[in-house]
Amino acid sequence: MGEVIKVGMADLNICLPPDTITTLGLGSCVGIVLYDPGKKISGMVHVMLPDSTKIKNNENIAKFADTGIAELLKRMIAAGATRSTLVSKIAGGAQMFAFKTNNDMLRVGERNVEAVKQILSELKIPILAEDTGENYGRTIVFNPETGELLVKSVGKINKMI
């Protein structure tokens with residue numbers, strides 16, 4: 001059993017077996033895993049917001065879906081991942097407020113998921129599995145040896161996607 005690489009909020013990292021990679025506290029945030037199944041190189045980014053161009057204080061590139069996914073992709077290729085074989089899994093994007101709203105500022109989770117899907121589509125990186133939306137937080141753990149993403153939520157049954 002290897003190390004557990006922790007990815008904080010607005011953070012990213014890459015991982016090779018036998019290590020696993022995890023992030024905690026995905027509420028409206030989205031955790032994106034990019035994975036090269038042949039070389040077993042994986043990476044994870046924990047994004048908080050969909051678009052860096054809408055925010056003045058945007059130095060932390062891992063904080064945003066647009067810049068965070070691009071940086072993770074760059075680091076994975078530098079680590080030896082094959083661009084054409086990359087796949088992804090995503091989790092998070094919950095509506096953490098107890099009410100429905102059309103106010104975009106309060107639909108952060110939904111907007112994050114939409115942005116992540118759009119960016120992955122533009123990059124031609126297929127999404128193999130997702131656990132998004134709803135109204136509860138998640139912790140995720142990715143195992144690059146098996147390609148499985150464990151999704152844990154308080155009061156819910158663990159899911160393997």
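**Exercise 1.** State whether S88 is buried or exposed, and find where S88 sits.

*Solution.* Start with the area: S88 has a relative accessible area of 2%. Buried means under 20%, exposed over 50%, and partly exposed in between, with a 1.4 Å probe and protein chains only. S88 is therefore buried. Next, the position: S88 belongs to strand β6, residues 87–92. Helices (H or I, at least four residues) and strands (E, at least two) are DSSP runs numbered from the N terminus. Last, the surroundings: leaving aside neighbours within four places in sequence, S88 is in contact (heavy atoms within 4.5 Å) with V33, L34, L120, I125, P126, I127, L128 and A129.

The model is predicted; local features need pLDDT of at least 70 and side-chain atom pairs pLDDT 80 or more, while totals for chains, interfaces and linings use all residues. Residues are numbered from 1 along each chain as its sequence is written, and side-chain values use heavy atoms, without hydrogens and water.

**Exercise 2.** Give the strand order of the open sheet of five strands.

*Solution.* The order is β2-β5-β4-β6-β7, and the pairing is mixed. Two strands pair if DSSP finds at least two bridges between them. At the edges stand β2 (11–15) and β7 (127–132), each pairing on one side only. From one strand to the next, the twist averages 10 degrees. Y35 stands opposite V87 in β6.

**Exercise 3.** Describe how α1 and α2 pack.

*Solution.* First, the geometry: the two helices, α1 and α2, pack at about 40 degrees, with axes 9 Å apart. Axes are lines fitted to C-alpha atoms, for helices over the stretch in contact, and angles run from 0 to 180 degrees between N-to-C directions. Second, the class: angles under 35 degrees count as roughly parallel, over 145 as roughly antiparallel, 65 to 115 as roughly perpendicular, and the rest as oblique. So α1 is oblique to α2. Third, the residues: A65, D66 and I69 of α1 meet A115, V116, I119 and L120 of α2. These divide into six nonpolar, no polar and one charged. Here Ala, Val, Leu, Ile, Met, Phe, Trp, Tyr, Cys and Pro count as nonpolar, Asp, Glu, Lys and Arg as charged, and the others, Gly among them, as polar.

**Exercise 4.** State whether T20 is buried or exposed.

*Solution.* T20 lies in strand β3, residues 20–26. T20 is buried, because its relative accessible area is 9%.
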